[in-house]
Protein chains: 4
Amino acid sequence: MTTTFRGVIPPVVTPLTAERELDRASFKRSIDRLIDAGVNGLFFLGSSGEVAFSTDERRREIIEAAIEFVAGRVPVLVGCIDTETDRVIEHAKVAKELGADAIVATAPFYALGGLPEIENHFRLIHEAVDLPLFAYDIPVCVHVKLPGDLLVRLGLDGVLAGVKDSSNDDVAFRFLVDDNNKAGHPLTLLTGQEVVVDGAYMAGADGSVPGLGNVECTGYVRMWQACEAGDWATVRAEQDKLAALMRIVTVTSGVSGFGAGVGAFKTAMALLGVFDTNQMPNPVQALQGENVEAVAAVLRECGLEPVRTPEEVTNSTH
Amino acid sequence: MTTTFRGVIPPVVTPLTAERELDRASFKRSIDRLIDAGVNGLFFLGSSGEVAFSTDERRREIIEAAIEFVAGRVPVLVGCIDTETDRVIEHAKVAKELGADAIVATAPFYALGGLPEIENHFRLIHEAVDLPLFAYDIPVCVHVKLPGDLLVRLGLDGVLAGVKDSSNDDVAFRFLVDDNNKAGHPLTLLTGQEVVVDGAYMAGADGSVPGLGNVECTGYVRMWQACEAGDWATVRAEQDKLAALMRIVTVTSGVSGFGAGVGAFKTAMALLGVFDTNQMPNPVQALQGENVEAVAAVLRECGLEPVRTPEEVTNSTH
Amino acid sequence: MTTTFRGVIPPVVTPLTAERELDRASFKRSIDRLIDAGVNGLFFLGSSGEVAFSTDERRREIIEAAIEFVAGRVPVLVGCIDTETDRVIEHAKVAKELGADAIVATAPFYALGGLPEIENHFRLIHEAVDLPLFAYDIPVCVHVKLPGDLLVRLGLDGVLAGVKDSSNDDVAFRFLVDDNNKAGHPLTLLTGQEVVVDGAYMAGADGSVPGLGNVECTGYVRMWQACEAGDWATVRAEQDKLAALMRIVTVTSGVSGFGAGVGAFKTAMALLGVFDTNQMPNPVQALQGENVEAVAAVLRECGLEPVRTPEEVTNSTH
Amino acid sequence: MTTTFRGVIPPVVTPLTAERELDRASFKRSIDRLIDAGVNGLFFLGSSGEVAFSTDERRREIIEAAIEFVAGRVPVLVGCIDTETDRVIEHAKVAKELGADAIVATAPFYALGGLPEIENHFRLIHEAVDLPLFAYDIPVCVHVKLPGDLLVRLGLDGVLAGVKDSSNDDVAFRFLVDDNNKAGHPLTLLTGQEVVVDGAYMAGADGSVPGLGNVECTGYVRMWQACEAGDWATVRAEQDKLAALMRIVTVTSGVSGFGAGVGAFKTAMALLGVFDTNQMPNPVQALQGENVEAVAAVLRECGLEPVRTPEEVTNSTH
């Protein structure tokens, strides 16, 4: 059953109108484009999907639109990200009620705890909501690294269906893959990387969740197909092209974190005509002016011709 | 106006029944006990008040009960703690609607950002909700330290009324006090420490928010009165006694973080008969057995005689 | 015996000539000035004494000059700071041979280890060199915090004579003081702070090691005498004045860390005529131009009139 | 010229006698074994080579023996690792005098600094010692990550010949490879990983510096040859086998850091008869008893039959 979630499963970026409402038209356009590119699933309300910025009402709105627009074409994973267990379970129940195929949760954060709390957290979520549960390992946000032995144990116990690994700890990921294989592969292991997916595939990952896939997904699909075929030269060539494109997140200045990363994704998508604006959720500012131009320049270098000017995108949030 | 919030303002711990419902009777008992001890205000839904563990419904329930039980005797501050701006504003609107006198918010967390996002965050909250706003500086949970110059600037601009400092960075706190004084004292500066309140008072703090005050508040009130009177020998003597009592959070084993800290506070309060149980929110386990005995031993050493046995408290969560 | 090291024991800053040789004349001037101010001891080759920048030959040169210039007037502590045990022991043997009264060592650093390695490290140093040994707790450099129970145990075993606490963790320091008192006070506990020495004295510190004392030591001596007399109002008043002076380390721009901290101390001492230059060891640049002017302005505000112009100091390193 | 240092260049582990003297016979045996396996160079006095534990005299002893035993068969790189610039330059001069072909230095550590200090540090080393200089990027020890743009700039300026990357930040490494290629490949880029070398090769690394190569180097040589031939299936297969062997560093208990990592390497080499003992430098304890048995079990699973019993190895340090 867990193999349902193999392959390329992008974390879908959430388009906003200038007034910071959900932009349903852009959302539908982006989802159709991703499915047309051949993705194996879609992950909504991940970190890139601005889950942390979204009120309960906005989260519900996003899930409903996602289920409507995907229309059963691929599996839908929904991020149920919040500080502690009871709040996560609330989100998970909503996700299930609205039709999610799987849920994704991090370890608890904000309050300090230890491994017993983390284990109990995942067990309680699993008991409360009968859907495949993925652990989301993202220490840069949660400030804890999920240990491989805990993950495999929770896999063997039927608590976890898989792991979305955004730890940028490729050594730990390789050991996790090996431990999971020795245990009979209870977990589906997805890497959340963008520019080192090739290494994760060499290590034995079951798929990837690349934020950059929102901008250009056909390359990630080709890379996965090449991986499945054992064609490593193609894996490498595709990765090189995508790594060049990922420079959209490093060519800007004066911005950082989510504003630089997802900000660049949204800006690229607005330049390419997928999104109507590059608006960001409060308290983050959208990229503007020279930063938009810098993103446009990278797109062009990578052979993706913008259909809108940097000025148009800069003005899209006003 | 900001002087309304000077003095001892404990972060009120939230009592739960064995079934993890809000224990209203214990809550009222604890609030009355704190007000009788002479506190200058009460802070609900802080980190110790298990805000991160509380669903929206639970938060509302706690605020309503707090307003009812306090009944205007002291100012009520309410923690509006959540990942990003829009979610915090939702909580702040509820707090205002239910009658809070001030709100307390951290910097954004989970998503990565920088100082521009932090500044914008506080400005947006202030624009959205017309209540005195305290910045809650707690790097151990939020993973960022609020810079003193930003805080004073937001104070001068009328955005912030004060700061609740739980940074355990006493050097930065002293510089903040000095900068605030030079700027005309726009901010009320409260220390969130328990065992080094004396040093914060020497530095010029306007008050304290001691979690340990839930267990024993008369000492903190005496310390503050001595501080106001310039009687530093008494400040020191009271602090020494309270530091000895604070050992309830270090004598346990096999627990950590919130479970060790607030777990010990709740256990002490259950031993003293203030709380009916020492139940903890999911996914945290209540202290049990030898850990409860260890807390009881510290209480006795400090002259606080338990009215219930460790066994009774251990059994209170079942 | 350990009481020999109570009181104010500044970490002596090392003056350099423009060519980065040891400036013996300035060194003697500074040492005499500190002893005249009434210090209880002097600590050479601490972090502020640029131990990490000093070759073995330079370390020997500094110790020899220190012993010669101090001439038995106060106890001399020598920092034997290096990555791992055998290297520290080499330094300690030299320090003893040259006449040090006590040695100061951090936990091992660079290589990763755990508590067993730290404990073994201090035991091996103590076995190898028969001098009072102080543990130097400075997590910002060593990246580990020394646990209080380990320190007290090593004190009871006669391994450690004391602790120089530069952890900026005042909560841990207060618990350490209490644990040490309960154990019969085996350790002399010195705080390495500058602006929160008052809090450390309230907590029960046995003295202080303030880097700022190089610039102005009479205030620290008065603060200690007031502490011994229980005159907390004077402790507080002196601390306030010294905190204002400490702003020399925050008014500069474009510099950080050692260059900003010790750089400001040296610049102030050059402005005050104690040092001939404000030269810094490789690879650090001396403060120049507007940064020197900013330090001079703070000195004047604090009533310390420079005897040299900022231009003269800026030119002193060329 | 920098291409001299391409390929597999293991960081050579330093064998000790039971009395912690340099074990020259084991050292020669290990060096011959590595060269026979087909390495492209040898790196002495790296982190694995216990540089941080070695006094100046020991360092000299190791370099002299290394030069003697290598006898010009492969290039010799020497780690000149120390806290700050002048100390590093001293080591570098000794290395040059004794015949090293290249030197390897980290950023400064212990004292706090910033990028200007790091850049100046490498420039000063390069000016002082005319040998190819590699920057050693190892944040886990040095607590700073070297930025890619700084490295490439120092490469273009002729300051750096290459980088030994032990940052475990594969995203940054890929961007570094790309930036280096765009700049005309001024730097030779070596990965310090053991179990994700395949990913680094996919990214375009010029070689590897695997500590595990001390235990089994023929696999790393085959992996490099396959990489050069574009035979990625073999790269992957070899990496999988080496990842399985790397479990020697995770199967032990009660040890951590250097003691667990290099401790396991030395223990494996003692079990395989390459080293006479598994002795560790002060203050680290050698692996013993069940930990030695656990390492032996992994060796056997990987087809490397021990020639000595765990008991013999445990007794080798007494």
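Me: How should I read the accessibility of Tyr136(A): is this residue buried or exposed?

Reply: The general idea is a scale of relative accessible area, on which buried means under 20%, exposed over 50%, and partly exposed in between (1.4 Å probe, protein chains only). Tyr136(A) has a relative accessible area of 3% and is therefore buried. Before going on, keep in mind that this is a predicted model, in which local features need pLDDT of at least 70 and side-chain atom pairs count only at pLDDT 80 or more, whereas totals for chains, interfaces and linings use all residues. Residues are numbered from 1 along each chain as its sequence is written, chains are lettered from A and ligands numbered from 1 in the order in which they are written, and side-chain values use heavy atoms, with hydrogens and water left out.

Me: Where is the place of Tyr136(A) in chain A, and with which residues is Tyr136(A) in contact, leaving aside its neighbours within four places in sequence?

Reply: Helices (H or I, at least four residues) and strands (E, at least two) are DSSP runs, numbered from the N terminus, and contact means heavy atoms within 4.5 Å. On that basis Tyr136(A) sits in strand β5 of chain A, residues 133–137. Apart from neighbours within four places in sequence, the residues in contact with Tyr136(A) include Phe43(A), Ser47(A), Ile81(A), Leu146(A) and Lys164(A), and also Tyr110(B) from chain B.

Me: At which residues does UniProt place the feature "active site"?

Reply: UniProt positions are given here in the numbering of this structure, with feature names shortened, and the annotations may be inferred rather than shown by experiment. The unreviewed UniProt entry places "active site" at Tyr136(A) and Lys164(A). These two span 29 residues in sequence, yet no two of their C-alpha atoms are more than 4.8 Å apart, so they gather at one spot. Lys164(A) belongs to strand β6 of chain A, residues 162–165, and, at a relative accessible area of 5%, Lys164(A) is buried. Not counting residues up to four places away in sequence, Lys164(A) touches Tyr136(A), and among its other contacts are Phe43(A), Asp137(A), Leu190(A) and Val209(A).

Me: What is the area buried between chain A and chain B?

Reply: Buried area is the accessible area (1.4 Å probe) that two parts lose on being put together, summed over both. For chain A and chain B the value is about 3500 Å², and carbon and sulfur atoms give 58% of that area. On the chain A side, Arg87(A), Tyr110(A) and Pro283(A) lose the most area to chain B, together 24% of what that side buries. Counted by residues, 41 of chain A are in contact with 41 of chain B. Chain A and chain C, by comparison, do not touch, their nearest C-alpha atoms being 17 Å apart.

Me: How many salt bridges are there between chain A and chain B, and how many residue pairs are in polar contact across the interface?

Reply: A salt bridge is a side-chain nitrogen of Lys or Arg within 4 Å of a carboxyl oxygen of Asp or Glu. Between chain A and chain B the count is 2 salt bridges, and in one of them the side chains of Arg87(B) and Asp82(A) meet at 2.5 Å, N to O. A polar contact is a pair of N or O atoms within 3.5 Å, where within protein one must be able to donate a hydrogen and the other to accept it, and residues adjacent in sequence count only if both atoms are side-chain atoms. The rule finds 13 such residue pairs across this interface, both residues being at pLDDT 80 or more. The elements that give two or more residues to the side of chain A touching chain B are α2 (56–70), α3 (85–98), α4 (115–128), α5 (139–142) and α11 (257–271) of chain A, and α3(A) supplies the largest share, 5 residues.

Me: Where does a cis peptide bond join two residues in chain A?

Reply: The angle to read is omega, which is about 5° at the cis peptide bond joining Asn282(A) and Pro283(A). Pro283(A) lies in the loop between α11 and α12 (289–301) of chain A. In chain B, a cis peptide bond likewise joins Asn282(B) and Pro283(B), with omega about 5°.

Me: Which residue has a positive phi although it is not a glycine?

Reply: One of them is Ala71(B), whose phi is about 55°. Ala71(B) is found in the loop between α2 (56–70) and β3 (76–79) of chain B, and Ala71(B) counts as exposed at 55% relative accessibility. His143(C) also has a positive phi, near 65°, and, at 39% relative accessibility, His143(C) counts as partly exposed.
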